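Good morning, and thank you for making time for this item. Please have the display in view as I speak.

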Amino acid sequence: NQFVITLYQLKNEIFIGNQKFLITDFQKKVWDKLYTKKFLGISAPTSAGKSFIILLKSIEFFCFSKSR
């Protein structure tokens, strides 16, 4: 069902600058926790997207953070 797919995509969209990224549920949980935690341990199987989500968060922080 296209409606369900659209809702899922909206739930897992993040924006860095004006660029949109569609991430997995696991990556979204990590993304959200990185806003509230000073330190975060991440454990997941290979290919879960750990490095990718950390890279995106780093780009956001260094390029778009106003509080640096």
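Let me begin with a term: a residue is called buried when its relative accessible area is under 20%, exposed when that area is over 50%, and partly exposed in between. By that criterion, buried residues account for 21% of the 68 residues in the protein chain. Please bear in mind throughout that this is a predicted model.

First, the overall layout. The protein chain contains three helices and two strands, and along the sequence they follow the pattern α-β-β-α-α. The C-alpha trace spans about 40 × 30 × 20 Å along its principal axes. Of the contacts with a separation of 6 or more, 34% are between residues 24 or more positions apart.

I turn to the strands. E1, residues 13-16, pairs with E2, residues 19-22, in the antiparallel sense, over four bridges. The two strands form a hairpin with two residues between them. In that turn, Gly17 has a positive phi of about 65°. Across the pairing, Phe15 stands opposite Lys20 in E2.

Which residues of E1 lie on its covered face, and which on its uncovered one? Ile14 and Ile16 are on the covered face, while Glu13 and Phe15 are on the uncovered face. Setting aside neighbours within four places in sequence, Ile14 is in contact with Gln19, Lys20, Phe21, Ile23, Lys28, Trp31, Ile53 and Leu56.

Next, helix H2, residues 25-36. H2 has twelve residues and reaches 17 Å from its first C-alpha to its last, close to the 16 Å expected at 1.5 Å a residue. Its buried residues are Gln27, Lys28, Val30 and Trp31. Viewed down the axis of H2, these buried residues fall within an arc of 160°, so they line one face of the helix. The face turned away from that buried side carries the exposed residues Lys29 and Thr36. What do the buried residues of H2 pack against? Their partners are helix H1 (2-11), strand E1 and helix H3 (50-64).

A word on H1. Leu7 lies in this helix and is partly exposed, with a relative accessible area of 44%. The C-alpha atoms of Leu7 and Trp31 are separated by 18 Å, the two residues being 24 apart along the chain.

Between H2 and H3 there is a loop, and Ala44 lies in it. Ala44 counts as partly exposed, at 24% relative accessibility. Not counting residues up to four places away in sequence, Ala44 touches Phe26 and Lys50. Ala44 and Phe26 are 18 residues apart in sequence, and their C-alpha atoms are 8.9 Å apart in space.

That brings us to H3. Ile53, Leu56, Lys57 and Glu60 are the buried residues mentioned for H3. They cover an arc of only 95° around the axis, which puts them on the same side of H3. On the other side, Ser51, Phe62 and Cys63 are exposed. The buried residues of H3 pack against E1, E2 and H2.

Why does Lys57 count as buried? Its relative accessibility is 13%, and the cut-off for buried is under 20%. Leaving aside neighbours within four places in sequence, Lys57 is in contact with Trp31, Leu34 and Tyr35. With Tyr35 there is also a polar contact of 3.5 Å between the two side chains.

The largest nonpolar core has seven residues: Ile14, Ile16, Ile23, Val30, Trp31, Ile53 and Leu56. E1, H2 and H3 each supply at least two residues of this core.

To summarise: E1 has Ile14 and Ile16 on its covered face, the buried residues of H2 line one face of that helix, and those of H3 lie on the same side of theirs. Thank you.

Conventions: Residues numbered from 1 in each chain as written. Predicted model: local features only at pLDDT ≥ 70, side-chain atom pairs only at ≥ 80, totals over all residues. Heavy atoms only, no water. Expected span 1.5 Å × (residues − 1). Buried < 20%, exposed > 50% of the residue type's maximum accessible area, 1.4 Å probe, protein only. Arc of directions from axis to C-beta. Contact = heavy atoms within 4.5 Å. Core = buried A, V, L, I, M, F, W, Y, C linked by side-chain atoms within 4.5 Å. Polar contact = N/O pair within 3.5 Å; in protein donor to acceptor, adjacent residues only side chain to side chain. Pairing = 2+ DSSP bridges.
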